[in-house]
Amino acid sequence: MADPAVTKTRPTVYSIAAHRGFADALVAGLVPRFTQEDFGLAHLTLLLPSTRAMRVVTEAFIRHFGEAGQSGMLMPRMAVVGDLDLDETLGSLLDPLGASDIPRSVDATYRWLRLAELLKQELGKDAPRGSALLRMAREIAQAMDRLLVQDIGPEALVQDRVLDLLGDLSGHWQNSLRNFARIQARWLSELQATGEIDAAARRNRLFDFAAVRWQAQPPETPIVAAGVTSAAPALARLLRVVADLPNGAVILPDLDLAMSEDVWAELGAAGAPLQPDGPAFERGDAVTHPQYHLKLLLNHMGVARGEVRQWHRKGITAAPPERTHAISSLFLPPEASRNWVDLPPEKRRLTGVRTMESANPEREAQAIALLVREAIETPAKRVAVVTPDRGLARRIVQHLRRWNIVADDSAGRPLSETPAGRLLLLLAEMVSENAAPVPLMALLQHPLVQWGDGRREWLERTRTFELALRGPRPAPGLDALGPIAERAKVTEWWARVESILAPLLAADGEQPLAQLLDRLVDAAENLCGEAIWAREDGRALAALVEELRLNSRDVGTFVPMRELHIVLRDTMEPIAVRPPYGGHPRVVIYGLLESRMSRADLVICAGLNEGIWPAAPAADPLLAPPVLRALGVPGADFRIGLSAHDLAGALGAPQVVLSRARRDSAGPAIPSRFLLRVQALLGEDLLEAHRQKFAVELAQVIDEGGAAPAYPRPAPSPDPAQRQVRISVTALDRLRSDPYQFYASSILQLKEIELLDAEPSAAWRGTAAHEILEVWHKTGRPMRDVAGEVLQQMNAHPLMRALWQPRLMKALEWVEGTVAAFEDRAPALFEEWGEVEIRGITIFGKADRIDRLENGGLAIVDYKTGGPPSGKQVKAGFALQLGTIGLMAERGGFANIAGEAQKFEYWSLAKSDKSDTGFGYITSPVKDGRNRSEIEPVDFLPTAEDYLHDALDRWILGTEPFTARLNPDAVTYNTFDQLMRLDEWMGREA
């Protein structure tokens, strides 16, 4: 560091090589240089890039003092560059009173909402609505900030270098540029009227103010800018001033000082045009190189690479110096990388670096967890997992819990995925979907709801209600749910729920966002109490809601009720909620931003696939790439270079594992270009020696037990008392076709639980049709009136009714017309239950309809909403319902009717070309006219009775086991397939 008494002849700029470990090496150099007796480092000011960097440097100081045996020391003042209150943070170094001429910054949320209103006014009827409008406003705000950070004002959009491009742009880009310029002009006009500026503009002015003040009056205390790599022009000017201060210095991470001048020049212009009026970024610039953004920063600072000195202190976790040479060789630009074949061993040595390839992300996470578990067996060894894939990070966290290792993801989770954020989103989804079953039940069973002593009772009521709610979706709104709660006998509980949720559903259409938030917060607090705000996610949610509520009220923002949850989710997702302290002291999981400046003994870089690390470049949605290039703004590929620099920094650790999965959820994954470079640099001979195989192999077998014995086909054999149960006519068919189904449903008394918001099943449609026909038969009212009334009483959802009711009505009209045309028969019995006793066993069932024939005989009718059973099923004894009902009728099983069963008919409500309405037809299981049945009418009942006695002899009164899928060709339900573990034995049975 320069002596303050000596006038500087060149700026003080250092670089800490990757192998030294930035934070630890920084502290190792700062402590001996700036420590004062009794005051420690209190007079030193550190300018750092982020609050996360402050935490990393603080931890490095603690480690350094611990290694030195010091109990403590006064820490330096740390300030984050870019802080909107930088003047307050730096205190006397940057007299806040002197910065009072800088206008205050406008609130970011207010700007976003106000831009949406300006968009609506500017585009008129062509403006998007609801969430799409707010999303477009957010994109405009981001584009404005992108230009402001680069000190590019609105006047740049009308300069010749931009206007000359318009003719070459598509209409989409032209319209986007035009709309952006107009909205920005209107917005800046409003700011001028209120005396405010954008936050990015205020930061630039703060940087310039500090630069001017420190240049005119250099501070007496030292100022060091460490780890700042942003090349924003205003920040670069400030860094140059800091570098020129007598007691100032700028310390950069991982600037490659060993790179030859030819290779440095191959990186491109990097903000220093080759021609006076040339572009800041040439087409051939190597913007994806990890050193490119550092060259851009040096050019903006006006510092040559030759003026940068090497930082000669190293950290506690430094790697061998050869690692930095290998990293430099690894990322050589295309032309220079041809020299790889001639590189000497010391320039490509990657001792301590291993590559690991797993089958899929789950196996990758398991293997990484095993590496972490192995590493912490070594006392004091620290492990860092670095990945931009938050899903992979969460998998690793869960796998580490196997060994009670708590390793929170320091990159955090989006607020929308936290318990508090999810609860508010569920409330909004419930509003948007008008109390649909899925969001409603997810809300009422959310972990924060009724947190405390009353939760057990609450869950009991909720689950009882859910069982009654399962099935097709009821009509929208809360009114349709009252009868369901009454049926479930939870009316008091439902009254409480309804009183909480009703205010949310009281309005429709577009509503003021502030009012909607008020109602959401009231409902959330009534459901959860203070639990919703108690943790870190609740505090983040409270801050967001208050900010949205305040600014939306000022702007007058309206949001469609049906899009409220989309608006809230879009607003929550960029907000990261980070875990509090309390995890394992030697295990951390970082995102790329959080990993900068940090160091550990073992660094595992995970998710090294294209599209993840590096992420797929995303083009600006508003400004075309040629426009950005003309304005001097880095393009989308610039971020690839930043990702490469993050990897280069991680590769400086003593031990490094580079991990990827061969497949992801979308299919085969492409290895990261960075990983391919590592493999190419190692060559085939060294690559095999650098593979990490043990963890992958162990991950494959860690959860595998011995081979499970083959599961036999189930064939339960209950005792005689358990077998003698009442048999319904439909269960008799099930007994003969698949005895196990009968065993599960009739003996074990198991019932299928329907899904929430289920598609209307055949059973549900059949119930509705039978109820309509029953009421019609018994009242004689018009079929259409009866159908509408019954479906209304069943709370059928309007969409389901719109799709299914027209088809049903056509079929019911056919029934009505066919019955009216009868001359030789008349309906005599409708939807009546009956029973008979045969050999001590009660056979019961419901007759859909029995007609009295002209000769006194009976016609047995069975309504089917789908197709009737085939003749083969009837002949095989798997469809005996009509015959069994006929036996019951002849034996007096039904009150008020008796006679000989002579006709047997299925009345199908399915589509038919022969029907006048297009739906409905009659078929018979016995020979009747031209049908192909092989059963004569006189033989049908004796055949049914024979099959009935056979079933009684074998299973009910006998000892034959209830074998699963005894008749594989029979048409059966799949209700109990999971219970019988069908897939484990089907096809393997002896």
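# Packing, cavities and loops in a predicted model

Biologist: Which residues does Leu-501 touch, not counting residues up to four places away in sequence?

Modeller: Contact means heavy atoms within 4.5 Å. With residues up to four places away in sequence left out, Leu-501 touches Leu-427, Met-430, Leu-440, Leu-443 and Leu-478.

Biologist: What pLDDT do side-chain atom pairs need in order to count?

Modeller: Residues are numbered from 1 along each chain as its sequence is written, and side-chain values use heavy atoms, with hydrogens and water left out. This is a predicted model, in which totals for chains, interfaces and linings use all residues, local features need pLDDT of at least 70, and side-chain atom pairs count only at pLDDT 80 or more.

Biologist: Which residues touch the most other members of the largest nonpolar core?

Modeller: A nonpolar core is a set of buried Ala, Val, Leu, Ile, Met, Phe, Trp, Tyr and Cys residues joined through side-chain atoms within 4.5 Å. Buried means under 20% relative accessible area, exposed over 50%, and partly exposed in between, with a 1.4 Å probe and protein chains only. The largest nonpolar core has 95 residues, and those touching the most other members are Leu-427, Phe-465 and Leu-501.

Biologist: How many residues are in the second, separate core?

Modeller: Its members include Val-241, Leu-245, Leu-267 and Phe-674. The size of this second core is 79 residues.

Biologist: Which elements do the buried residues of H16 pack against?

Modeller: Helices (H or I, at least four residues) and strands (E, at least two) are DSSP runs, numbered from the N terminus. Helix H16 (residues 437-444) is mostly covered, with six of its eight residues buried. Those six are Pro-437, Pro-439, Leu-440, Met-441, Leu-443 and Leu-444. They pack against helix H15 (419-432), helix H17 (455-469), helix H19 (491-501), helix H20 (513-528) and strand E20 (756-758).

Biologist: How much space lies in the largest cavity?

Modeller: A cavity is a set of points on a 1 Å grid over the protein atoms alone where a 1.4 Å probe fits but cannot get out. Grid points are joined across faces, edges and corners, and a volume is the space filled by probe spheres set on the points. The model has three cavities of 30 Å³ or more. The space in the largest cavity is about 50 Å³.

Biologist: Which element gives the most residues to the lining of the largest cavity?

Modeller: Lining residues have an atom within 4 Å of a cavity point, and here they are Lys-846, Ala-847, Asp-848, Arg-849, Ile-860, Val-861, Asp-862, Gln-881, Leu-882 and Ile-885. Two or more of these residues come from each of strand E22 (841-853), strand E23 (858-864) and helix H35 (881-890). With four residues, the element that gives the most is E22.

Biologist: How many residues of that lining are charged?

Modeller: Asp, Glu, Lys and Arg count as charged, Ala, Val, Leu, Ile, Met, Phe, Trp, Tyr, Cys and Pro as nonpolar, and the others, Gly among them, as polar. The lining has five nonpolar residues and one polar residue, and the charged residues number four.

Biologist: Is Asn-609 buried or exposed?

Modeller: Asn-609 lies in the loop between strand E15 (602-605) and helix H24 (625-631). Its contacts beyond four places in sequence are Pro-614, Arg-660, Ala-661, Ala-669, Ile-670, Pro-671 and Ser-672. Because its relative accessibility is 5%, Asn-609 counts as buried.

Biologist: Is Gln-749 buried or exposed?

Modeller: Gln-749 sits in the loop between helix H30 (739-747) and E20. Its phi is near 60 degrees, a positive value in a residue other than glycine. At 51% relative accessibility, Gln-749 counts as exposed.

Biologist: What is the phi of Asn-896?

Modeller: Asn-896 is in the loop between H35 and strand E24 (901-911). This residue is exposed, at 82% relative accessibility. Its phi is positive in a residue other than glycine, near 70 degrees.

Biologist: How many disulfides does the count come to?

Modeller: A disulfide is a pair of cysteine sulfur atoms within 2.5 Å. Cys-528 is buried at 7% relative accessibility, and Cys-605 is buried at 0%. The disulfide count is zero.

How values were computed. 1 Å grid on protein atoms, 1.4 Å probe; cavity = no way out; pocket = protein on both sides within 12 Å on 5 of 7 lines; lining within 4 Å.
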